[in-house]
Amino acid sequence: MPSWYGDFAGYAHDRWPGLVATALLLTEDARAAEELARLTLVRVYARWRRIPRDDVDFHVRRCLVRSHLRGWGRRTGGRRRVVLVLRHWEGLGEAEIAQVLGCSVGAVRALLRRERRRVRPGARRAGFAESLAGFAAPAVPLDAVRRDGALRRRRRAGVVAAGCALLLAPPAVLGLGSVTGGDVTGAAEVPDGPAPGSVRVVAPGERVAAAPGVELWLTRDGVHWSSPQAPNQFRAVDDGNLDRTGAGVSVQGEQLDGAYFQSGLYHGLAAEPARVEIRTGGRTVTAHVLTLAGGPGWGAWYARTPPEGSGASRAGGGQTVTVYDAAGAVLARSGAGPSVAEPGRAGAGRP
């Protein structure tokens, strides 16, 4: 176990030189690199208590990359340069790079294949080393990082509190607009074409705050969830209850204060999922999608839906969960086969 385990200050001092070096290769600007590294540590400090200690480097690297792509990356070749730096400087494999970027392994492989035709990997590594010749990282701005990170944490807590207040609002108010976690509209406003979804590539064991008091996380053998009514639940993907020879999507749910939380598994798809929609009572909710890097052949989805018509009364009919690809083609739909489970209480035997 490293000496910094559980200690942010120790981790920051240990990783700061490498963090700034990687940031410098991404931005090609010393001042921007230092600011990018500082901002990364600020964001990590704000979430330090929630990051698995055996997976800190992944979270830091992903935060660095995403912060870069949101800002300076627009000037330095964006994802292409990120892939090259992660591969030829940090030595990550194709699956690890895809996990950091939240893209497919095939996309990373194709980019690296094109780049190999232009510059040999050895020459690329030598070029990066030459760019860092004489490099010396400044002192880590630990006090400023802690101050800004604590402020960021307090702001996030305020946003969560506001979200809880919204969930506790009267149903009539919720029915007028959207429910956080999906786009909800009246029947006359539901678009016929595809709507953008949220697909997130997560690390094994990375916990996702899916709703107030509800967390989801994936491991190689299945999906885990914890809620006020059903703490520390697990659903295996290879226990024989899912027919993974064909495409399918499962559904489970539970009543929350002022809303209904639903989630499930998808499996056996012919292409990568781009969107999951729940259609019920003339309304459409776009769900969030979680998947592991490397294309395991399954993943999870979740959404909060309006309280009207939720619960077991919807299980018999009127509700459909559909998985679409990027072109809007249907990959799987609930009720399409025996592998699809009906909605039930979270923590029950079936998802």
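Predicted model: local features only at pLDDT ≥ 70, side-chain atom pairs only at ≥ 80, totals over all residues.
**Exercise 1. Which residue has its charged end over the ring of Tyr45, and how far from the ring centre?**

Start with the rule: a charge sits over a ring if NZ of Lys or CZ of Arg is within 6 Å of the ring centre and within 35 degrees of the ring normal. Now look around Tyr45: the charged end of Arg153 sits over its ring, 5.1 Å from the centre.

Residues are numbered from 1 along each chain as its sequence is written, and side-chain values use heavy atoms, with hydrogens and water left out.

**Exercise 2. Work out what kind of aromatic pair Phe8 and Trp48 form.**

Step one, the rule: rings of Phe, Tyr and Trp (its six-membered ring) pair if their centres lie within 6.5 Å; planes under 30 degrees apart count as stacked, over 60 as edge-to-face and the rest as tilted. The count by this rule is four aromatic pairs.

Step two, apply it: the centres of Phe8 and Trp48 are 5.2 Å apart with 80° between the planes, an edge-to-face pair. Phe8 belongs to helix H1 (residues 8–27) and Trp48 to the loop between helix H2 (30–46) and helix H3 (56–70), so the pair ties together parts 40 residues apart in sequence. (Helices, H or I, of at least four residues and strands, E, of at least two are DSSP runs, numbered from the N terminus.)

Step three, the neighbour: Tyr11 and Trp48 have ring centres 5.7 Å apart and planes at 45°, so this pair is tilted. Phe8, Tyr11, Tyr45 and Trp48 form one aromatic cluster.

**Exercise 3. Is Ser263 buried or exposed?**

Check the cut-offs: buried means under 20% relative accessible area, exposed over 50%, partly exposed in between (1.4 Å probe, protein chains only). Ser263 has 6%, so it's buried. Its place is in strand E8 (residues 259–267). Leaving out residues up to four places away in sequence, Ser263 touches Ser250, Val251, Gln252, Trp301 and Tyr302; contact means heavy atoms within 4.5 Å.

**Exercise 4. Which residues of H6 are buried?**

They're Val105, Val108, Leu111, Leu112 and Glu115. They cover an arc of only 130° around the axis, so they're on the same side of H6; the arc is that of the directions from the helix axis to the C-beta atoms. These buried residues pack against helix H4 (78–88), helix H5 (94–101) and helix H7 (121–131).
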